[in-house]
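Thanks for coming, everyone. Let me put the structure up, and then we will walk through it.

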Amino acid sequence: MNKTKSEHIKQQALDLFTRLQFLLQKHDTIEPYQYVLDILETGISKTKHNQQTPERQARVVYNKIASQALVDKLHFTAEENKVLAAINELSHSQKGWGEFNMLDTTNTWPSQ
């Protein structure tokens with residue numbers, strides 16, 4: 001993958017994480033979403049500092065948010081669901097061997 005495409009994907013991931021973060025902060029009470037906001041903040045930091053590829057980071061962020069939503073019975077607005085769907089789509093954007101190699105991804109950073 002060339003540098004331009006890689007930087008574009010990185011920026012796309014950062015934009016999606018930031019957009020979801022902004023939308024969640026607009027709720028009247030953000031306490032139920034605080035853990036999700038922490039997940040997004042960690043994802044933004046790791047993506048900015050190239051600690052993981054944007055696709056893998058999107059997968060980690062999506063999986064952690066989906067798990068937390070199930071546990072805490074969180075409800076997202078239609079716009080938040082669209083951003084989550086875009087994060088999920090980005091997490092599966094690698095084709096062929098890229099997707100196969102992501103099956104064994106276990107680096108989902110420990111909870112804090």
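What percentage of the 112 residues of the protein count as buried? The figure is 40%, where buried means under 20% relative accessible area, exposed over 50%, and partly exposed in between, with a 1.4 Å probe and protein chains only.

A word on the source. This is a predicted model, where local features need pLDDT of at least 70, side-chain atom pairs count only at pLDDT 80 or more, and totals for chains, interfaces and linings use all residues. Residues are numbered from 1 along each chain as its sequence is written, and side-chain values use heavy atoms, with hydrogens and water left out.

Now the fold. The protein has 5 helices and 0 strands. Helices here are DSSP runs of H or I, at least four residues; strands are runs of E, at least two; numbering starts at the N terminus.

Next, contacts, meaning heavy atoms within 4.5 Å. Take those with a separation of 6 or more: 72% come from residues 24 or more positions apart.

On to the loops. N50 sits between α2 (34-48) and α3 (54-72). Its phi is near 55°, positive in a residue that is not glycine. N50 is exposed, at 55% relative accessibility.

K73 is in the loop between α3 and α4. Phi of K73 is also positive, near 55°, and K73 is not glycine. K73 counts as exposed, with a relative accessible area of 66%.

Last, A85. Helix α4, residues 78-91, holds A85. At 44% relative accessible area, A85 is partly exposed. Its C-alpha atom lies 8.7 Å from that of Y62, 23 residues apart along the chain.
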